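Work through the exercises below with the model open. Each task is followed by its solution.

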Amino acid sequence: MSLSVSLPVSLTCRTVKITILGDEGVPVQVDGEAWLQPPGYIKIIHKNRTQTLTRDRAFESTLKSWEDKQKCEFVRTPPPQPAPSSQPEIVSEEETALVSELGQAAGALIHSIREVAQSHHSLEQELAHAVNASSKAMDVVYAKSNTSGALSCSLVLQMVSNVKALLSETELLLAGKMSMQLDLPQQEQLNAALSSVSQQLRRLADVPWLSPIIDEGPLTDFSKRSRSAKFRLVPKFKKDKNNKNRETCATLSLPVHQWGTEEVGAWLDFLCLSEYKDIFIGHDVRGAELIHLERRDLKDLGVTKVGHMKRILQGIREINRNSSASEA
């Protein structure tokens with residue numbers, strides 16, 4: 001015989017009295033080690049209340065994405081602003097039409113990112129800041145256009161700068177760890193959206209006061225890529241990183257059951273979790289063991305940060321999903 005009592009949070013009474021009958025004690029446990037309680041009475045009295053803090057998981061996810069981006073990505077310098085003398089105050093009608101087409105292409109890209117992010121949450125975490133900044137800048141421009149009919153050049157500059165940053169960050173992400181996680185339809189969807197934004201930015205490059213921002217770095221011509229080609233990175237300052245990413249992609253092209261400790265370490269590099277490589281290698285975690293790791297196993301390996309643990313578990317789920325699709 002054992003005593004089991006569950007007190008719900010919504011309990012309205014202030015006192016509970018439990019009577020233990022019989023000649024023998026019963027096992028009792030209250031938030032700790034159990035003991036034998038002899039027959040008698042147990043009286044539980046409500047004492048007071050205390051305030052508790054709740055977690056804002058959406059904020060934690062965005063903050064974690066920003067922190068990881070500072071560690072993994074290069075530090076970008078702000079785009080050069082054109083001289084005040086060469087920048088008009090109001091956008092012309094022809095330029096307004098070009099800006100509107102850029103906004104439509106950027107909106108389609110954001111929509112595609114959000115659709116793909118439903119099955120790849122790491123994409124949403126990595127691009128959350130860039131997507132939100134672009135959306136906010138576009139909303140300001142459209143609100144100004146609807147109210148006064150005339151666009152301010154400073155607002156358009158901010159919008160173009162944010163859209164170009166979103167384009168660059170999406171290219172960087174897809175050239176790295178996301179290239180092996182997306183299936184072909186998702187790659188084609190993002191490829192088409194990126195190509196449209198890149199094309200509209202090239203058209204705006206003919207505007208004198210916008211060209212310094214757009215011409216700061218070369219834009220990728222996605223329309224000339226083959227359907228099965230991987231996303232590639234064009235900017236010169238990321239060539240070294242691209243070479244490393246291509247080498248890693250080739251390494252991880254083996255079936256996961258054939259992965260050794262080196263492939264597992266390369267996979268951790270993809271997740272920007274290189275600090276755990278030595279631990280995984282030291283415990284001889286190979287592909288066959290990796291796909292069966294659970295939360296308690298990660299704790300035993302020393303992964304204590306919630307964000308790192310969730311990222312690894314999400315990556316394992318993606319590997320299992322891709323392996324099942326390949327077998328099918």
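Predicted model: local features only at pLDDT ≥ 70, side-chain atom pairs only at ≥ 80, totals over all residues.

Residues are numbered from 1 along each chain as its sequence is written, and side-chain values use heavy atoms, with hydrogens and water left out.

**Exercise 1.** Describe how helices α4 and α5 cross, and classify their contact residues.

Step 1. Helix α4 spans residues 153-175 and helix α5 residues 184-204. Helices are DSSP runs (H or I, at least four residues), numbered from the N terminus.

Step 2. The axes come within 11 Å and cross at roughly 140°. Axes are lines fitted to C-alpha atoms over the stretch in contact, with angles from 0 to 180 degrees between N-to-C directions.

Step 3. The contact (heavy atoms within 4.5 Å) includes Val 160, Val 163 and Lys 164 of α4, and Leu 190, Leu 194 and Ser 198 of α5. By class, this contact has 9 nonpolar, 2 polar and 1 charged residues.

**Exercise 2.** Find the salt-bridge partner of Glu 318 and state the exposure of both residues.

Step 1. Apply the rule: a side-chain nitrogen of Lys or Arg within 4 Å of a carboxyl oxygen of Asp or Glu. The count comes to 5 salt bridges.

Step 2. Glu 318 pairs with Arg 321, the closest N and O atoms being 2.8 Å apart.

Step 3. The two residues are 3 residues apart in helix α12 (residues 306-327), so about one helical turn separates them.

Step 4. Glu 318 is buried (under 20% relative accessible area; exposed is over 50%, partly exposed in between; 1.4 Å probe, protein chains only), at 2%. Arg 321 is partly exposed at 42%.

Notes. Nonpolar A, V, L, I, M, F, W, Y, C, P; charged D, E, K, R; others polar.
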